[in-house]
Amino acid sequence: MSKINELFNGKIHAINVGIEFFKDDIIKQNANASHLDWKPPGGGKPELIKALDRLENAAVAEKIAAANKLAVERIINSQPMLVGFDQAINVVPGMTKTTILHAGPPITWDKMCGAMKGAVTGAIVFEGLAKDIEEAEQVAASGAITFSPCHEHNCVGSMAGVTSASMFMHVVKNKTYGNIAYTNLSEQMAKILRMGANDESVIARLNWMRDVLGPMLRDAMKIAGEIDLRLMLAQALHMGDECHNRNNAGTSLLIQALTPYILETDFTKEQKREVFEFVASSDYFSGPTWMAMCKCALDAAHGIENSTIVTTMARNGVEFGIRVSGMAGNTWFTGPAQKVIGPMFAGYKPEDSGLDIGDSAITETYGIGGFAMAAAPAIVALVGGTVEEAIGFSTTMKEITTAENPNVTIPLLDFSGVPTGIDIRQVIQTGILPIINTAIAHKDAGIGMIGAGITYPPMEAFEKALLAVTETISQ
Amino acid sequence: MSTKVVIKQSTYFDSVSLMSLSTKANQIEGVEQAVIAMGTDMNKEVLKNVGLLTPELEAAKTSDLMIVVKAATDELCESALIAIEELFKKKGGSKSATEIKYSTIDSAAASIPEANLAVISVNGAFAAREARKALENDLHVMLFSDNVSIEEEIALKQFAHEKGLLMMGPDCGTAIIGNVALCFGNAVRKGNIGIVGASGTGSQEVSVRIHDFGGGITQLIGTGGRDLSEQVGGIMMLDGIKALEEDEATKVIVLISKPPAPSVQEKVLAQVKSCKKPVVVYFIGGEETAVLEAGGHFAKTSKEAAIKAVVLAGANEDELNKRALNWPLIEEVRAKLSPEQKYIRGLFCGGTLCDEAMYLAMDKYEDVYSNIQKKADYKLKNIHESKAHTFLDMGDDDFTNGKPHPMIDPSTRIARFLEEAKDPSVGVILMDFILGFGSHEDPVGVMLPAIIEAKAQAAKEGRHLEILGYVLGTDLDTPNFDEQVKKLMDAGVTIASSSTNAGLLAREFVAKGE
C-alpha cells in the first residue's frame, strides 16, 4: 500500500506548526495533534537560515552526523579518574610563577570585571608577587603577569577561575582517552578568592590550603591511586545533586572515599581534624571536582573535524565564550555575559550582582548542572520554585542535544540519561539556549558571593559559531 | 523602627530554599529588611553586616532557623512574620503533568512515531523549510502558509512525489483526510466520493453540496491554487487522482480547479482517461468538449459537480432534491427594484465562491468587474471602487496584505458593505458566510448590525435593497447552520441554497426587460 493510502486508512496524528487552533480543531474531531513550540529558526535572520540550509545539504549533513556521533561517543565513553593533587606549577601545562589563569575566554587586565580583578590581586599577594592589594593592582597592570584562560591549559576554574602557580590542583585523567584535566581546590562558601574577595582572611585560607589541605590530599591520593569520578557522579545524581549548585551528596561521597587515605597520611590529628571541618563547612567541596571531570570528558571530544558539538562554555564576567569541536584549538566564539537571575543573600539587590562568570558551565556542557535539574528537586528554588519546572528544564535540553548519556542517569525521568552533546545547529534552529544554574558574585572586587540563580549564554556566540562552522564544513 | 526575631530550634532548610524565601520576604509590604537563614557563622556575619545581629541570634546554633524582620512599626513586623509563615507553607497542588512540548519537527517526529502528517501555517518565509523537514521525516504535509515561492513549491512537490507523500499546498486552506477536516473545512458525512481540489472554498462547497444531497466524502485532497499552473504541472493533482483510484473506499472522484494551464489540463485529462473510476471534472469556466473526450463527466457549476458525483456514486437522481431556482421569488425581487438598480455587488470571503458567481454573471453580462478577473479590461484598477457588476474576493492578497482573512476578521467587509449599500445603482448585494472548522464563530452575527442599518437607510430613502446571503455549511457544522440562516432571514436577507444558486439568483434579480 502506498504511503498516501496508508494515511487514508490510518488514524491521523498531526504535528501542528503555526496557528494553534488548527490543533484544537483536529483534536475536536477525535484525531491526534501535537502543537510545536516553534520559533523562526535563527531568530528569523536570513544569513543563519541560509547557513542551516547549507549544513542540511545531504552530503554535508552526513559528514556532520558522523563527526557528531564520534564526538558524543567520546564524551559518553570518557572515564575520568581522580589520580592526584599537586601544585599548579608542577602539573599544569605552560604554568609559570608569574602566570595567572582565569575563567572564560581570553581577557586583559584592564577589561576584567570587579570579581576577577579582586581575585587576581589576591592571587598576586598570595604568590608573594606584591606586598598588598594596592601594589598587586600595579603588578597586574604592569605587564609582568601572563594572563591566560584556564581552558587553554587543560584547566577549569570556578567563578573568577583565578589559578596561580602554588595553588593545589585536582589531577583528573581520562582512563579511556588518556588526556588530563585540572582544577583548583574548593575554598568552600564564604568570603573567598574565586568570588573576588581578597582580604587577609582569604589569603590566610589560601596559605592553609597550600600548606595543609593540598599536601594532605596529595599524599592521600598517592596511597589511594585513583577514584572513579564518573561512577561517583552518577551516584551523586541519584542522591539528589545536579553537581553544579547542589553538591551535598557528591561531597559526602568524595570525602568518604578519601577519608581512609587521609587518615593514613603523616599529618597531625589536629591538621586532619581541620581538613574534615573545612570539608564539612560547606557542601561545595566536590564542586570543582565535577568540573574537572566534565572538562576531562569534553576535551576528549574537542577537535573532531566537521563536528558541531559544543565542547566548552565559559565566562569571564564580561564575555561568554564557547568552543566547538569542529573548530580545533582555542577558537572562541563570544558574546556579552548575561545577568544571573535568582535568590540573593539578605542585604543584596540585583543591581549589586556582577555578570555571569566562571568555567563551571562546563558541567552544563557535559549534561549535568542546569541540564540535570530534574535530578535535584531540593534546589528547585533556583529555577522558579516547582519540581515540574526543574523537570521541564531537563526535558527541554534534549531539544538541543544529540544524545542521552547512559552512564549518568536521572531517576525522576525514568532513569533516562542526561542530555549530552549540545549541537549548535539545534540551538540556532530552535532558539533554545542551554540553561545554566550558577552562583552570583558581587560586581565589585573584594566582596564575594551574594546569591545563585539561572542564566543563559548569549545567542550571539552560537550565531557566530554557526556561521564560522558553516564556512569550514561546507567547503 | 522595630525588629523582631524568631528562632526555630532544630529546623533544617537548605540554603537555596532559604535564599529564595528571604528574597520573597523582602518583597512583603512594609518590610525594611528580612533575613531567613540557618544559624551558621557565615549567616551571622551577614546579619552583623546589615546591623541585625542580636545576642539572641548570636546564640543560635547551626541547626536553628533564624527569622529576622525589620520594619517601621511593631505591627508591620508582626504582620510580616505572619506572611513569612505563609511562605513556608507548601503551595498546594502543583500543575498537572506537563505535556511534552517539542520545538522542531525533527524532535517531534522522532518522539511521536505515530505522527503521519504535518500541518504548517507559519510565516511564508519559513514555511518551505518546515515543509521540507516534515517530508524528510516521512510526514505528509498540509502547507497552509502562503507567500512560498513557486520554485520552492516545485521542489517540495517533486520531493514529496519521489517519496510517495502528499504535499498539499502551499496556500492550501482545505483538506479532509480520514474524515478529519484540516484547517478550514466542514463537517461532512463519510462516504464514497473523493475530491482533489486546487481551490479551497470550491472544495468546501462541493463537499458540503455532496453532504446536502445525501452523499459523503472519503478524502478531500487540497493541492493549493498553483498546482495546475504551467510550472508546477499538476504534480499533486496527478498523485491525488492516483491515490484515490487506489483507495478502495472511493467510488467516484471529483476534480476542482480554476482553469488549468492548457498543457497541465492535457496531462490531468490523460490521467482521467486512464482512470478506472468515474471522474467528475469541475474546472470553473472550463469547456466541456475536452473533458468528455477524456471520458470524464463535465460539470459547469459546483452544484452540478456534486449532483453528478452523488449519482455516479449510487444515488437515485429522481429522488434528489436539486433545489431548483425559485422563479416566483426572482419575479418578486425584480418587481421591487427600480429601473436604475441594475448592478450586482458581490462581497466574498471565499475565492471560488466569488469566482463561480462571477462566471455565472459573465455568461449573461459584459460589464463584470473584479479584483480577480482574468480579462484585463475588467480587472478593477482601484479595488476600493466598484464599477457596474463587481465581484470582490476579499480574501485575496489585495485585501489581506498585513490583515487577517475576512473569514477571521470581518471588519473590511463590513465597511465595504456599508459603502455598496449607499449606491443607488446597486440592485443586489451578495455575500457568503462560511461555517465550519477554522472559520469565525459567528460570521452572520458580526455582519448583522450593518445589514439592519443598511436596510433601514435604504427604506428611508424609499429604495429596496436586496441582500442575498449564502451560508456555506452542513447541519453538522459549528456554528449551527439553521441558526445562522434564521438570523439572516429575520433581518430580511434572501437565502440561496448553494454557491451556484447564489450566483444564478443574483444575476437574475437584476435582469431587466425580460
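1. Lys3(A) is partly exposed, at 32% relative accessible area (buried means under 20%, exposed over 50%, partly exposed in between, with a 1.4 Å probe and protein chains only). This is a predicted model, in which local features need pLDDT of at least 70, side-chain atom pairs count only at pLDDT 80 or more, and totals for chains, interfaces and linings use all residues. Residues are numbered from 1 along each chain as its sequence is written, and side-chain values use heavy atoms, with hydrogens and water left out.

2. Lys3(A) forms a salt bridge with Asp138(B), with 3.3 Å between the closest N and O atoms (a salt bridge is a side-chain nitrogen of Lys or Arg within 4 Å of a carboxyl oxygen of Asp or Glu). Lys3(A) belongs to helix 1 (residues 3-9) of chain A and Asp138(B) to the loop between helix 6 and strand 5 (140-143) of chain B, so the pair joins two chains (helices are DSSP runs of H or I, at least four residues, and strands of E, at least two, numbered from the N terminus). Asp138(B) is partly exposed at 38% relative accessibility.

3. Within chain A, Lys69(A) and Glu73(A) form a salt bridge of 3.5 Å, N to O. The two are four residues apart in helix 4 (residues 58-77) of chain A, about one helical turn. Lys69(A) is exposed at 55%, whereas Glu73(A) is partly exposed at 36%.

4. Glu245(B) and Lys276(B) form a salt bridge, with the closest N and O atoms 3.4 Å apart. Lys276(B) is exposed, with a relative accessible area of 75%.

5. A network of salt bridges links Asp53(A), Glu56(A), Asp106(B), Arg129(B), Arg132(B), Lys133(B) and Glu136(B). Over all chains, the whole structure holds 52 salt bridges.

Definitions and conventions. Chains are lettered from A and ligands numbered from 1 in the order in which they are written.
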